[in-house]
There are 2 protein chains.
Amino acid sequence: MKYTKKDRQQLLLETLEKNPFITDEQLASTFNVSVQTIRLDRMELSIPELRERIKSVAAHNFGEEVKSLPLNEVIGEIIDIDLDKQAISILDITQDHVFARNGIARGHHLFAQANSLAVAVINDELALTRKSTITFVKPVKAGDRVIAKAVVLSSDTEKNSTLIEVTSKVENDTVFIGQFSMYRVTKS
Amino acid sequence: MKYTKKDRQQLLLETLEKNPFITDEQLASTFNVSVQTIRLDRMELSIPELRERIKSVAAHNFGEEVKSLPLNEVIGEIIDIDLDKQAISILDITQDHVFARNGIARGHHLFAQANSLAVAVINDELALTRKSTITFVKPVKAGDRVIAKAVVLSSDTEKNSTLIEVTSKVENDTVFIGQFSMYRVTKS
DNA sequence: CTGATATTAGTACCAAGTGCTAAAATGGTG
DNA sequence: CACCATTTTAGCACTTGGTACTAATATCAG
């Protein structure tokens, strides 16, 4: 019932891929060979020992320090602003913003750019987002430069409410549209 | 220049929090005490040995069954997930998430939690947000623990479209509601 | 049958510990 | 100051999961 050397080594690779937390002893018993054979296999395949495998899994995880959204006031860089009227910001999409799988930017980054721009354009103590409808028109890729433009559509002073539309483009292609209903907190 | 026992133990905790990859020997030399003292400290504080610490860091990262996304791409911590049905995540709001002015969380963080949860709940190669309508029901403050629950409402296999509703609560008060229309990229 | 390849066995050694005992050093307190 | 408790050090045997190396067997192919 034993595998050939080649098959066993192939299986070994797959097994450790799935679960790196296995000792040579355990491997030996699952493959019905001696521990020494497993060691030889590991050497030929240059698979490190258990502790090193675990360490590398841990280090990997640790190095990628839970990436959260940038925390500055505004996501992206504001390049033009006309308070209570309109504003423009630029966000360069990097590897950090995209799904590793396919290089497409995660939605919340585009939202964050638009939302924080909507907040910034309001000339008041503070603005809170109340409601919002957004459409991701076209996927954005790593390397793209997203230019968001916020336009104040209307303002209801009674209700402290302001309606803003943000349109984001990449090289003149619209990639994102969002309507934001903002609540303004007037200076007391 | 030695610390008191209490101070040293406090520092020990903080040091290992920041970097769990340190041996007792290294710790001993940084604190200018003997290795045995470090061991006693670890025992009193029930801190496991280096290898166990590393293993737990690694296991944390490895043991997850999130399919649609590596864990680190999700904003907040997923505590329950039933693929294609529902998922729950927790996000602790810190000073970093709020407007300094009034301590109210910026909208895009709540959106990011909800959006990434919506992506994670989908059992497919990848999911992109297509459209979304969101309402910020109530301000969220620093210190709040936001629990977001994503529920898959419907799935249109023809259009590769899935409708998800995410409701976020702080201590049973709804603070955020979002409908997400997701586009699913099927496995090849 | 012979030679090459593959497998097993056994030994010494290492890192980073645990567990245990015991001796110093240090620090209040009466 | 003396005394006792706490704290710190030291030392030794033992554990895991290995490495490094040598040497003896198995197995198979021509």
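This is a predicted model: local features need pLDDT of at least 70, side-chain atom pairs count only at pLDDT 80 or more; totals for chains, interfaces and linings use all residues.
**DNA strand C**

- The largest share goes to α3(A), with 3 residues.
- Sorted by class, the surface near DNA strand C has 8 charged, 4 polar and 3 nonpolar residues.
- If you look at the atoms of DNA strand C within 4 Å of the protein, 66% are sugar or phosphate, and the rest belong to bases.
- On the phosphate side, an N or O atom in the side chain of T37(A) is 2.4 Å from a phosphate oxygen of DNA strand C.
- From chain B, the side chain of R51(B) places an N or O atom 2.8 Å from a sugar or linking oxygen of DNA strand C.

**DNA strand D**

- The backbone gets involved here: a polar backbone atom of L50(A) is 2.8 Å from a phosphate oxygen of DNA strand D.
- K5(B) has a side-chain N or O atom 3.3 Å from a phosphate oxygen of DNA strand D.
- For a base contact, check Q36(B), where a polar side-chain atom lies 3.4 Å from a base nitrogen of DNA strand D.
- As for who lines this surface, α3 and α4 (50–63) of chain A and α1 (5–18) and α3 of chain B give two or more residues each.
- The largest share, 3 residues, comes from α3(B).
- The class breakdown near DNA strand D is 8 charged, 4 polar and 3 nonpolar residues.
- Sugar or phosphate accounts for 69% of the atoms of DNA strand D within 4 Å of the protein, with bases making up the rest.

**Helix α5 of chain A**

- Helix α5 of chain A covers residues 107–121, so to speak 15 residues in all, and spans 21 Å from first C-alpha to last, close to the 21 Å expected at 1.5 Å a residue.
- Of those 15 residues, 14 are buried, so α5(A) is largely enclosed by the rest of the structure.

Methods:
Residues are numbered from 1 along each chain as its sequence is written. Chains are lettered from A and ligands numbered from 1 in the order in which they are written. Side-chain values use heavy atoms; hydrogens and water are left out. Helices (H or I, at least four residues) and strands (E, at least two) are DSSP runs, numbered from the N terminus. The expected span of a helix is 1.5 Å times one less than its number of residues. Buried means under 20% relative accessible area, exposed over 50%, partly exposed in between (1.4 Å probe, protein chains only). A residue is near a molecule or strand if one of its heavy atoms lies within 4 Å of it. A polar contact is a pair of N or O atoms within 3.5 Å; within protein, one must be able to donate a hydrogen and the other to accept it, and residues adjacent in sequence count only if both atoms are side-chain atoms. Ala, Val, Leu, Ile, Met, Phe, Trp, Tyr, Cys and Pro count as nonpolar, Asp, Glu, Lys and Arg as charged, and the others, Gly among them, as polar.
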